[in-house]
Amino acid sequence: MHIFLMLLINGLAEGALIFLMAAGLSIILGLLGVVNFTHGVLFIWGGYVSIWIFSMTGSFAIAIIAAVAAGFVMGLIFERLFIRPVYGNVTAQILITLGLGVVFTDMARLFWGPNPIPAARPEFMDGTWVFGAVIISQYRIFLIIIGILVAIGINYLVNRTKVGMVMRAGIQSPDMVQALGINIKVYFAGVFAGGAALAALGGALYVPLVGSVWSGMGINNQILAFIVIILGGMGSFYGSAVGSIIIGLTVAFVSWFYPPLTVYTTVLLLLLVLTLKPEGLFGMAVRN
Amino acid sequence: MDPLLKLENVSSFIGPFHILQGVNLEVFPGEAVVILGRNGAGKTTTLRTIIGLVPASDGQIILDNIDLTAMPPYQTVRQGIGFVPEDYGIFDALTVEENFLIAMWKEDQDTFDRRDHVLELFTDLKESYKRLASTLSGGQRQMLSIARALVNDNKIILIDEPSKGLAPIIVEKVRDTLLTFKQEKTIVLVEQNFEMACAVGDRFYIITEGRTVLDGTIKELMDDEELQRKHLGFVTA
């Protein structure tokens, strides 16, 4: 039982991190119709910036805020300079975002070096709680709480604000949104930058979990995030949330009982869902 | 009197296709102008070019002495144009209320007052106000689309085939609705339903292969069977 509880918490914490990547990726795909491969590199930059700022200020909160801000600014720049000219051209989007991923990964190596940089957890979250045989990492609980808070925040934004109203309408018909007097380009830029900021937040929170930052850490999480958005249903926020929990738990349990099967299980799970429900668990229309 | 809306030799492309090749149009305040023509003539593209959803490649579009030609769609609309598209343009994932709110870009008290007034006219929508728009019938969706175009203080309303795909009894209701607000608004109507066009319109333009080839009063059109046969492919009984 204690193993089950620990794996459950590990899985939910992993799911929370994947969710931070997948939520932005899914909304970007749903609203903008952009297949975005820059999320991995934004995750990396979030990790590096947080470590860099933490080493200068000693404040975990400031480090996290700086990482999120860096992700947001990078997202704005990416959208304005590289994504906006290729809206509607999926092939160009894939090539350009993959290219940006390569360039900015190498830039991170240039700035911070090719070797992993050790990262400590903030002291106030470095401990564990022990309940009998069950040992719970405080930092993993913190990740789960952050994941829940972000999910609540996005849910509020999407369903209770005018920004969310425009996002939901824009997924169906961006032309009609413009024909109602709304500058959809501003929303597109904001959504892209918001998604980028979430990816950077994911990177900043991931680094203390694994204890170091390195330039290759984005790719696995990006692949998991893509699996989540296909599994959950492209363009669906709820799909991202549920898909992240499913993948997080699957990774945690399988990697505990039989680690070599971890990757295969997530892909098999994806195949199973796509076979039974090709549009994903909460599938909805995605703009071509 | 100066026209409220004027199109001068307007051209536009959709992809590589040269759809509008010289559209000229004048709409005066308070009148209802109907754009007629066979399928694929460029009627819908004319409305979408006025709005800016299809960029004009040549010519000039003037609304109330403001040049709209190079404006992005959201700015064009804010000069005072309401748009009721062919497919209604209703957002299914939004409630009826949200479909109104998203159109109310000004968000001032006058706009909210107009919204309340419009809801008094469209009682079906008032009853369905909190429902998802995806649950509305075809007729209700058309009403919502028209009502939404009325919440802003628009100078002109562009309406694209409001009778398309609707049952005859609903078409009558839509026609009555247009006749009601025609008294207060300037209208440009694209319509294939000749009876509807004649009931609502004061003047007409005929577009053929992306060019305006003829204009006149609706009465002239109704009385001229040869003109109907030649340009529209039918004769009224």
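**Close-up views of a predicted two-chain model**

**View 1. Contact of helix 5 with helix 6 in chain A.** A:L157, A:V158, A:N159 and A:R160 of helix 5 of chain A meet A:V163, A:G164, A:M167 and A:R168 of helix 6 of chain A, where residues in contact have C-beta atoms, placed from the backbone, within 7 Å. Helices (H or I, at least four residues) and strands (E, at least two) are DSSP runs, numbered from the N terminus. This is a predicted model, in which local features need pLDDT of at least 70 and side-chain atom pairs count only at pLDDT 80 or more, while totals for chains, interfaces and linings use all residues. Residues are numbered from 1 along each chain as its sequence is written, and chains are lettered from A and ligands numbered from 1 in the order in which they are written. Helix 5 (residues 138-160) and helix 6 (residues 162-172) of chain A pack at about 75°, their axes 5 Å apart; axes are lines fitted to C-alpha atoms, for helices over the stretch in contact, and angles run from 0 to 180 degrees between N-to-C directions. Helix 5 of chain A is therefore roughly perpendicular to helix 6 of chain A (65 to 115 degrees). The residues of this contact comprise four nonpolar, two polar and two charged. Ala, Val, Leu, Ile, Met, Phe, Trp, Tyr, Cys and Pro count as nonpolar, Asp, Glu, Lys and Arg as charged, and the others, Gly among them, as polar.

View 2. A:A196 counts as buried because it has 32 C-beta neighbours inside 10 Å (buried: 20 or more other C-beta atoms within 10 Å of its own; exposed: 12 or fewer; partly exposed: in between; C-beta atoms are placed from the backbone). Not counting residues up to four places away in sequence, A:A196 touches A:G24, A:L42, A:G71, A:F72, A:M74, A:G75 and A:F78.

**View 3. A:L81 in helix 3 of chain A**. A:L81 is exposed, with 11 other C-beta atoms within 10 Å.

**View 4. Side of chain B that touches chain A.** The contact draws 18 residues from chain B and 14 residues from chain A. Helix 2 (73-78) and helix 3 (96-101) of chain B each supply at least two residues of this side of chain B, and helix 2 of chain B gives the largest share, four residues. This side of chain B has 14 nonpolar, one polar and three charged residues.

Key: Contact = placed C-beta atoms within 7 Å. Parallel < 35°, antiparallel > 145°, perpendicular 65-115°, else oblique.
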